[in-house]
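The stops below are given in the order in which to select them.

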Amino acid sequence: MKQYELVIVGGGPAGLAAALSARENGVQDILILERDNKLGGILNQCIHNGFGLHTFKEELTGPEYAARFIERVKEQGIDYKLNTMVMDIREDKVVTAMNATDGMFTIPAKAVILAMGCRERSRGALNLPGYRPAGIFSAGTAQRLVNIEGKMPGRRVVILGSGDIGLIMARRMTLEGAKVEVVAELMPYSGGLKRNIVQCLDDFGIPLKLSHTVVDIEGKDRVKAVTIAKVGPDRKPIEGTEERYECDTLLLSCGLIPENELSKSGGVTLSPVTNGPVVNDALETNVEGIFACGNVLHVHDLVDFVSQEAANAGEYAAEYIRNGKTAAGRVLPVRAVDGVRYTVPSMVRVEQMQDTVTVRLRVGDVYQDCAIVTYAGDKEIGRRKKKVFAPGEMEQVILRKADLMDADISELTIRIEKEG
(Lines give C-alpha, C1' and ligand atoms only; values in the text may rest on other atoms or scores of the structure.)
Protein backbone atom coordinates (compact mmCIF):
# COMPACT_ATOMS: atom_id res chain seq x y z
CA MET A 1 0.00 0.00 0.00
CA LYS A 2 1.16 3.54 -0.80
CA GLN A 3 2.91 5.44 1.97
CA TYR A 4 1.03 8.49 3.22
CA GLU A 5 2.38 11.47 5.07
CA LEU A 6 -0.65 11.47 7.36
CA VAL A 7 -3.12 8.71 8.24
CA ILE A 8 -6.25 9.69 10.15
CA VAL A 9 -8.15 6.92 11.94
CA GLY A 10 -11.83 7.87 11.92
CA GLY A 11 -13.95 9.80 9.43
CA GLY A 12 -16.28 11.54 11.87
CA PRO A 13 -16.26 15.26 12.72
CA ALA A 14 -12.80 15.08 14.32
CA GLY A 15 -11.16 13.18 11.47
CA LEU A 16 -12.70 15.40 8.80
CA ALA A 17 -11.67 18.66 10.48
CA ALA A 18 -8.16 17.34 11.15
CA ALA A 19 -7.74 16.32 7.49
CA LEU A 20 -8.84 19.72 6.19
CA SER A 21 -6.57 21.56 8.60
CA ALA A 22 -3.58 19.39 7.69
CA ARG A 23 -4.19 20.02 3.99
CA GLU A 24 -4.43 23.79 4.62
CA ASN A 25 -1.06 23.53 6.38
CA GLY A 26 0.67 21.90 3.44
CA VAL A 27 0.19 18.14 3.86
CA GLN A 28 -0.62 16.62 0.45
CA ASP A 29 -0.77 12.86 1.07
CA ILE A 30 -3.60 12.31 3.56
CA LEU A 31 -5.67 9.15 4.05
CA ILE A 32 -8.81 8.89 6.21
CA LEU A 33 -9.78 5.37 7.32
CA GLU A 34 -13.45 4.96 8.30
CA ARG A 35 -15.13 1.72 9.40
CA ASP A 36 -18.67 2.84 8.47
CA ASN A 37 -20.07 2.96 4.92
CA LYS A 38 -20.03 6.76 4.83
CA LEU A 39 -18.11 9.69 6.28
CA GLY A 40 -19.63 11.79 9.07
CA GLY A 41 -19.52 9.43 12.03
CA ILE A 42 -22.18 9.69 14.71
CA LEU A 43 -23.47 12.97 13.26
CA ASN A 44 -25.33 11.04 10.55
CA GLN A 45 -27.86 9.80 13.10
CA CYS A 46 -28.11 13.07 15.05
CA ILE A 47 -30.97 14.62 13.07
CA HIS A 48 -31.83 17.16 15.78
CA ASN A 49 -30.58 20.75 15.47
CA GLY A 50 -28.19 22.67 17.69
CA PHE A 51 -24.94 22.01 15.81
CA GLY A 52 -22.69 24.62 14.24
CA LEU A 53 -23.53 27.70 16.32
CA HIS A 54 -19.82 28.29 17.07
CA THR A 55 -18.35 27.02 13.80
CA PHE A 56 -20.82 28.36 11.23
CA LYS A 57 -22.78 30.92 13.32
CA GLU A 58 -26.02 29.15 12.40
CA GLU A 59 -28.02 26.23 13.72
CA LEU A 60 -27.68 22.97 11.77
CA THR A 61 -28.66 19.34 12.16
CA GLY A 62 -25.94 16.74 12.60
CA PRO A 63 -26.03 15.53 8.96
CA GLU A 64 -25.98 19.14 7.71
CA TYR A 65 -22.94 19.91 9.88
CA ALA A 66 -21.12 16.78 8.68
CA ALA A 67 -22.01 17.47 5.03
CA ARG A 68 -20.19 20.81 5.07
CA PHE A 69 -16.95 19.08 6.06
CA ILE A 70 -17.48 16.08 3.76
CA GLU A 71 -17.98 18.38 0.76
CA ARG A 72 -14.73 20.21 1.51
CA VAL A 73 -12.82 16.94 1.95
CA LYS A 74 -14.03 15.79 -1.47
CA GLU A 75 -13.27 19.17 -3.06
CA GLN A 76 -9.72 19.01 -1.67
CA GLY A 77 -9.25 15.54 -3.12
CA ILE A 78 -8.32 14.02 0.23
CA ASP A 79 -8.20 10.22 0.01
CA TYR A 80 -10.46 8.11 2.20
CA LYS A 81 -11.41 4.46 2.53
CA LEU A 82 -14.85 3.42 3.82
CA ASN A 83 -15.88 0.07 5.32
CA THR A 84 -12.29 -0.20 6.52
CA MET A 85 -11.38 -1.49 9.96
CA VAL A 86 -8.05 -0.47 11.46
CA MET A 87 -6.59 -3.49 13.24
CA ASP A 88 -3.35 -2.13 14.67
CA ILE A 89 -1.20 0.97 15.00
CA ARG A 90 2.49 0.45 15.75
CA GLU A 91 4.75 2.88 17.56
CA ASP A 92 6.69 3.39 14.31
CA LYS A 93 3.39 4.71 12.81
CA VAL A 94 2.68 1.71 10.58
CA VAL A 95 -1.11 1.28 10.40
CA THR A 96 -2.64 -2.15 9.68
CA ALA A 97 -6.18 -2.18 8.30
CA MET A 98 -8.53 -4.38 6.30
CA ASN A 99 -11.56 -4.17 4.05
CA ALA A 100 -13.37 -6.36 1.52
CA THR A 101 -11.63 -4.81 -1.49
CA ASP A 102 -7.99 -4.59 -0.40
CA GLY A 103 -7.94 -7.37 2.19
CA MET A 104 -5.41 -6.88 4.97
CA PHE A 105 -2.89 -4.11 4.26
CA THR A 106 -0.36 -1.91 6.02
CA ILE A 107 0.32 1.80 5.54
CA PRO A 108 3.58 3.40 6.68
CA ALA A 109 2.85 6.99 7.77
CA LYS A 110 4.95 9.94 8.85
CA ALA A 111 2.24 10.95 11.36
CA VAL A 112 -1.03 9.49 12.65
CA ILE A 113 -4.06 11.29 14.08
CA LEU A 114 -6.36 9.26 16.33
CA ALA A 115 -9.98 10.33 15.81
CA MET A 116 -11.97 7.17 16.60
CA GLY A 117 -14.62 8.83 18.75
CA CYS A 118 -16.26 7.14 21.73
CA ARG A 119 -18.77 4.44 22.62
CA GLU A 120 -21.55 4.07 25.18
CA ARG A 121 -21.30 2.09 28.39
CA SER A 122 -23.14 -1.19 27.94
CA ARG A 123 -25.51 -2.91 30.35
CA GLY A 124 -22.73 -5.33 31.25
CA ALA A 125 -20.58 -2.44 32.46
CA LEU A 126 -23.40 -1.10 34.65
CA ASN A 127 -24.14 -4.28 36.66
CA LEU A 128 -27.91 -3.82 36.53
CA PRO A 129 -29.93 -6.46 38.41
CA GLY A 130 -32.80 -8.43 36.89
CA TYR A 131 -33.36 -10.61 33.84
CA ARG A 132 -31.90 -9.97 30.39
CA PRO A 133 -35.01 -9.62 28.23
CA ALA A 134 -35.39 -7.91 24.86
CA GLY A 135 -36.11 -4.18 24.99
CA ILE A 136 -32.89 -2.94 26.63
CA PHE A 137 -30.94 -0.59 24.36
CA SER A 138 -28.22 1.99 24.67
CA ALA A 139 -29.61 5.42 23.85
CA GLY A 140 -27.32 5.66 20.81
CA THR A 141 -28.56 2.34 19.43
CA ALA A 142 -32.15 3.49 19.87
CA GLN A 143 -31.25 6.75 18.09
CA ARG A 144 -29.88 4.82 15.12
CA LEU A 145 -32.95 2.56 14.99
CA VAL A 146 -35.36 5.51 14.93
CA ASN A 147 -33.41 8.03 12.83
CA ILE A 148 -31.57 5.81 10.34
CA GLU A 149 -33.56 2.57 10.12
CA GLY A 150 -37.04 3.95 10.80
CA LYS A 151 -37.83 1.42 13.54
CA MET A 152 -39.33 2.07 16.98
CA PRO A 153 -37.56 0.31 19.86
CA GLY A 154 -40.71 0.42 21.98
CA ARG A 155 -43.79 2.36 23.10
CA ARG A 156 -43.42 2.79 26.87
CA VAL A 157 -39.94 3.84 27.88
CA VAL A 158 -37.82 4.29 31.00
CA ILE A 159 -34.42 5.95 30.56
CA LEU A 160 -31.51 5.39 32.95
CA GLY A 161 -28.93 8.17 32.81
CA SER A 162 -29.31 11.82 31.85
CA GLY A 163 -26.46 12.13 29.37
CA ASP A 164 -27.17 14.29 26.34
CA ILE A 165 -28.04 11.33 24.09
CA GLY A 166 -30.53 10.04 26.67
CA LEU A 167 -32.16 13.46 27.02
CA ILE A 168 -32.41 13.89 23.27
CA MET A 169 -33.89 10.41 22.88
CA ALA A 170 -36.51 11.17 25.53
CA ARG A 171 -37.76 13.94 23.25
CA ARG A 172 -37.32 11.89 20.08
CA MET A 173 -39.30 8.92 21.40
CA THR A 174 -42.06 11.27 22.59
CA LEU A 175 -42.28 12.93 19.18
CA GLU A 176 -42.59 9.48 17.57
CA GLY A 177 -45.56 8.65 19.78
CA ALA A 178 -43.93 6.73 22.62
CA LYS A 179 -44.58 7.47 26.29
CA VAL A 180 -41.42 8.22 28.29
CA GLU A 181 -42.32 7.41 31.88
CA VAL A 182 -39.25 8.77 33.66
CA VAL A 183 -35.55 9.61 33.31
CA ALA A 184 -33.56 8.33 36.30
CA GLU A 185 -30.06 9.60 37.08
CA LEU A 186 -27.70 7.99 39.60
CA MET A 187 -25.84 11.22 40.36
CA PRO A 188 -27.37 14.21 42.21
CA TYR A 189 -26.93 16.27 39.01
CA SER A 190 -27.64 15.71 35.33
CA GLY A 191 -24.88 14.56 33.01
CA GLY A 192 -26.28 16.59 30.11
CA LEU A 193 -26.41 20.21 29.00
CA LYS A 194 -28.89 22.48 30.76
CA ARG A 195 -30.52 23.40 27.45
CA ASN A 196 -31.22 19.72 26.74
CA ILE A 197 -32.89 19.26 30.12
CA VAL A 198 -35.19 22.19 29.36
CA GLN A 199 -35.90 21.42 25.70
CA CYS A 200 -36.10 17.63 25.92
CA LEU A 201 -37.62 16.97 29.35
CA ASP A 202 -39.23 20.09 30.82
CA ASP A 203 -40.96 21.10 27.58
CA PHE A 204 -42.58 17.65 27.35
CA GLY A 205 -43.40 17.14 31.01
CA ILE A 206 -41.00 14.20 31.37
CA PRO A 207 -39.88 13.77 35.01
CA LEU A 208 -36.14 13.70 35.85
CA LYS A 209 -35.36 11.88 39.09
CA LEU A 210 -31.85 12.62 40.35
CA SER A 211 -30.07 10.27 42.77
CA HIS A 212 -32.09 7.32 41.45
CA THR A 213 -31.09 4.07 39.76
CA VAL A 214 -32.64 0.89 38.40
CA VAL A 215 -32.92 -1.87 41.01
CA ASP A 216 -35.02 -4.41 39.08
CA ILE A 217 -35.94 -5.31 35.51
CA GLU A 218 -38.99 -7.56 35.04
CA GLY A 219 -39.74 -9.74 32.05
CA LYS A 220 -38.11 -12.80 30.50
CA ASP A 221 -38.89 -12.42 26.79
CA ARG A 222 -39.49 -8.64 26.76
CA VAL A 223 -39.16 -5.93 29.38
CA LYS A 224 -42.45 -5.68 31.31
CA ALA A 225 -41.54 -3.26 34.09
CA VAL A 226 -38.60 -1.42 35.62
CA THR A 227 -38.21 -0.51 39.29
CA ILE A 228 -36.09 2.46 40.31
CA ALA A 229 -35.07 3.54 43.80
CA LYS A 230 -33.45 6.55 45.43
CA VAL A 231 -29.77 6.22 46.31
CA GLY A 232 -27.85 7.68 49.23
CA PRO A 233 -24.50 9.49 49.20
CA ASP A 234 -22.80 6.08 48.85
CA ARG A 235 -24.75 5.54 45.57
CA LYS A 236 -26.52 2.50 47.10
CA PRO A 237 -30.33 2.10 46.86
CA ILE A 238 -32.34 3.17 49.90
CA GLU A 239 -34.83 0.50 50.94
CA GLY A 240 -38.46 1.64 50.83
CA THR A 241 -37.99 4.23 48.05
CA GLU A 242 -38.75 1.87 45.15
CA GLU A 243 -41.04 3.02 42.32
CA ARG A 244 -42.26 0.56 39.66
CA TYR A 245 -42.96 1.63 36.07
CA GLU A 246 -44.64 -0.66 33.58
CA CYS A 247 -42.79 -0.34 30.27
CA ASP A 248 -41.52 -2.32 27.28
CA THR A 249 -38.21 -0.51 26.78
CA LEU A 250 -35.25 0.57 28.90
CA LEU A 251 -32.75 2.99 27.34
CA LEU A 252 -29.30 3.37 28.90
CA SER A 253 -27.49 6.70 28.73
CA CYS A 254 -24.83 6.18 31.37
CA GLY A 255 -21.73 7.75 29.98
CA LEU A 256 -19.38 7.57 27.02
CA ILE A 257 -15.94 5.95 26.82
CA PRO A 258 -13.24 6.97 24.32
CA GLU A 259 -12.45 4.18 21.81
CA ASN A 260 -8.81 3.60 22.71
CA GLU A 261 -8.04 -0.07 22.10
CA LEU A 262 -5.98 0.97 19.06
CA SER A 263 -4.23 3.67 21.07
CA LYS A 264 -3.06 1.03 23.56
CA SER A 265 -1.63 -1.14 20.78
CA GLY A 266 0.40 1.87 19.63
CA GLY A 267 1.95 2.34 23.07
CA VAL A 268 -0.07 5.49 23.83
CA THR A 269 -0.37 6.38 27.51
CA LEU A 270 -4.01 6.81 28.60
CA SER A 271 -5.45 9.01 31.35
CA PRO A 272 -7.14 7.05 34.16
CA VAL A 273 -9.75 9.81 34.40
CA THR A 274 -10.78 10.36 30.77
CA ASN A 275 -9.67 6.96 29.36
CA GLY A 276 -8.25 9.03 26.50
CA PRO A 277 -4.62 9.70 25.57
CA VAL A 278 -2.42 11.97 27.66
CA VAL A 279 -1.38 14.80 25.32
CA ASN A 280 0.64 18.02 25.32
CA ASP A 281 -0.42 21.41 23.96
CA ALA A 282 0.18 20.12 20.39
CA LEU A 283 -2.30 17.29 21.10
CA GLU A 284 0.64 14.90 20.64
CA THR A 285 0.68 11.71 22.69
CA ASN A 286 3.73 10.22 24.40
CA VAL A 287 4.47 8.44 21.08
CA GLU A 288 6.20 10.95 18.82
CA GLY A 289 4.14 11.68 15.71
CA ILE A 290 0.87 10.21 17.01
CA PHE A 291 -1.76 12.86 17.77
CA ALA A 292 -5.31 12.60 19.19
CA CYS A 293 -8.41 14.79 18.99
CA GLY A 294 -12.16 14.74 19.50
CA ASN A 295 -14.05 12.25 21.63
CA VAL A 296 -11.26 9.67 21.50
CA LEU A 297 -9.24 12.17 23.54
CA HIS A 298 -12.00 13.22 25.96
CA VAL A 299 -15.78 13.36 25.64
CA HIS A 300 -16.96 16.77 24.42
CA ASP A 301 -20.34 18.39 24.94
CA LEU A 302 -20.41 20.27 21.60
CA VAL A 303 -19.24 19.07 18.19
CA ASP A 304 -18.03 22.62 17.44
CA PHE A 305 -15.32 22.15 20.08
CA VAL A 306 -14.41 18.79 18.51
CA SER A 307 -13.85 20.56 15.18
CA GLN A 308 -11.73 23.30 16.78
CA GLU A 309 -9.58 20.78 18.60
CA ALA A 310 -9.20 18.60 15.50
CA ALA A 311 -8.14 21.60 13.42
CA ASN A 312 -5.36 22.20 15.94
CA ALA A 313 -4.32 18.54 15.73
CA GLY A 314 -4.14 18.77 11.93
CA GLU A 315 -1.99 21.89 12.14
CA TYR A 316 0.43 20.36 14.66
CA ALA A 317 0.64 17.09 12.71
CA ALA A 318 1.57 19.12 9.60
CA GLU A 319 4.30 20.88 11.58
CA TYR A 320 5.64 17.53 12.78
CA ILE A 321 5.68 16.15 9.21
CA ARG A 322 7.61 19.23 8.00
CA ASN A 323 10.19 19.03 10.78
CA GLY A 324 10.41 15.24 10.97
CA LYS A 325 10.63 15.31 14.75
CA THR A 326 9.16 16.79 17.93
CA ALA A 327 11.10 19.80 19.17
CA ALA A 328 12.63 19.43 22.63
CA GLY A 329 12.20 22.02 25.36
CA ARG A 330 10.89 22.77 28.83
CA VAL A 331 7.59 21.01 29.62
CA LEU A 332 5.23 22.13 32.37
CA PRO A 333 2.72 19.58 33.75
CA VAL A 334 -0.85 20.82 34.24
CA ARG A 335 -2.38 19.54 37.49
CA ALA A 336 -6.14 19.30 37.98
CA VAL A 337 -7.02 19.62 41.69
CA ASP A 338 -9.77 20.75 44.08
CA GLY A 339 -12.86 20.01 42.00
CA VAL A 340 -11.29 19.94 38.52
CA ARG A 341 -11.40 16.33 37.27
CA TYR A 342 -8.96 16.60 34.37
CA THR A 343 -7.44 18.96 31.84
CA VAL A 344 -6.62 18.57 28.14
CA PRO A 345 -3.75 19.09 27.53
CA SER A 346 -1.98 17.54 30.53
CA MET A 347 1.26 19.40 29.82
CA VAL A 348 2.49 22.38 27.81
CA ARG A 349 5.81 22.94 25.99
CA VAL A 350 6.73 26.46 27.00
CA GLU A 351 9.10 27.38 24.16
CA GLN A 352 7.08 25.67 21.40
CA MET A 353 3.53 26.59 22.48
CA GLN A 354 1.57 29.23 20.59
CA ASP A 355 0.97 32.64 22.17
CA THR A 356 -2.23 31.25 23.72
CA VAL A 357 -3.34 27.67 24.41
CA THR A 358 -6.91 26.62 25.23
CA VAL A 359 -7.11 24.13 28.11
CA ARG A 360 -10.42 22.25 28.25
CA LEU A 361 -11.62 20.64 31.47
CA ARG A 362 -14.58 19.30 33.42
CA VAL A 363 -15.48 19.75 37.06
CA GLY A 364 -16.38 16.85 39.33
CA ASP A 365 -19.52 18.25 40.97
CA VAL A 366 -21.95 21.16 40.83
CA TYR A 367 -20.29 24.33 42.16
CA GLN A 368 -22.14 27.62 42.71
CA ASP A 369 -20.61 31.09 42.95
CA CYS A 370 -17.10 29.79 42.32
CA ALA A 371 -14.19 30.45 39.98
CA ILE A 372 -11.80 28.33 37.99
CA VAL A 373 -8.37 29.62 39.01
CA THR A 374 -5.08 28.94 37.22
CA TYR A 375 -1.72 29.12 38.99
CA ALA A 376 1.79 29.14 37.47
CA GLY A 377 3.71 27.88 40.46
CA ASP A 378 2.32 29.99 43.33
CA LYS A 379 1.30 32.92 41.12
CA GLU A 380 -2.31 33.30 40.01
CA ILE A 381 -2.43 33.88 36.23
CA GLY A 382 -6.13 33.43 35.51
CA ARG A 383 -9.51 33.51 37.23
CA ARG A 384 -12.85 32.79 35.56
CA LYS A 385 -15.97 33.33 37.66
CA LYS A 386 -19.30 31.68 36.96
CA LYS A 387 -22.64 31.35 38.73
CA VAL A 388 -22.76 27.56 38.26
CA PHE A 389 -20.19 24.99 37.14
CA ALA A 390 -21.64 21.57 36.30
CA PRO A 391 -20.02 18.27 35.22
CA GLY A 392 -22.21 18.07 32.12
CA GLU A 393 -20.66 21.17 30.57
CA MET A 394 -17.07 21.42 29.42
CA GLU A 395 -15.16 24.48 30.61
CA GLN A 396 -12.00 26.09 29.32
CA VAL A 397 -9.22 28.41 30.39
CA ILE A 398 -6.72 30.25 28.19
CA LEU A 399 -3.00 29.98 28.95
CA ARG A 400 -0.75 32.81 27.74
CA LYS A 401 2.80 31.99 26.82
CA ALA A 402 4.00 35.28 28.29
CA ASP A 403 2.83 34.11 31.76
CA LEU A 404 4.89 30.92 31.64
CA MET A 405 8.35 32.09 30.56
CA ASP A 406 9.74 32.38 34.13
CA ALA A 407 12.25 29.52 34.46
CA ASP A 408 11.31 29.05 38.14
CA ILE A 409 7.80 27.83 37.25
CA SER A 410 7.72 24.04 37.60
CA GLU A 411 4.02 23.29 37.12
CA LEU A 412 0.59 24.73 36.39
CA THR A 413 -2.37 24.12 38.68
CA ILE A 414 -6.06 24.56 37.86
CA ARG A 415 -8.60 24.40 40.70
CA ILE A 416 -12.07 25.49 41.82
CA GLU A 417 -12.18 28.24 44.44
CA LYS A 418 -15.17 29.76 46.24
CA GLU A 419 -15.88 33.38 45.42
CA GLY A 420 -16.70 35.92 48.13
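Predicted model: local features only at pLDDT ≥ 70, side-chain atom pairs only at ≥ 80, totals over all residues.

Begin with V9, whose bridge partner in β2 is L33; strands here are DSSP runs of E of at least two residues, and helices runs of H or I of at least four, numbered from the N terminus. Strand β1 (residues 4-9) is joined to β2 by four bridges, and the two run parallel, where two strands are said to pair if DSSP finds at least two bridges between them. Residues are numbered from 1 along each chain as its sequence is written, and side-chain values use heavy atoms, with hydrogens and water left out.

Now show the side chains of β2 (residues 30-33): I30 and I32 point one way, L31 and L33 the other, and all are buried (under 20% relative accessible area, with exposed over 50% and partly exposed in between; 1.4 Å probe, protein chains only). On to strand β5 (residues 79-81), which runs parallel to β2 and is joined to it by three bridges; D79 in β5 is the bridge partner of L31.

Select α1 next, where 11 of the 12 residues are buried. Among the elements that cover these buried residues are β1, β2, α2 (62-75), β8 (103-114) and α8, contact meaning heavy atoms within 4.5 Å. Just after this helix, G26 takes a positive phi of about 100°.

For the next stop, move to H298, in the loop between β19 (290-292) and α8 (303-323). H298 counts as buried because its relative accessibility is 1%. Beyond its neighbours within four places in sequence, H298 is in contact with T274, E309, Y342, V344, R360 and M394.

Finally, display the open sheet of three strands in the order β21-β23-β26, with antiparallel pairing. Its edge strands, each pairing on one side only, are β21 (340-344) and β26 (395-400). Strand β23 (residues 356-363) is joined to β26 by six bridges, the two running antiparallel, and T358 stands opposite I398 in β26.
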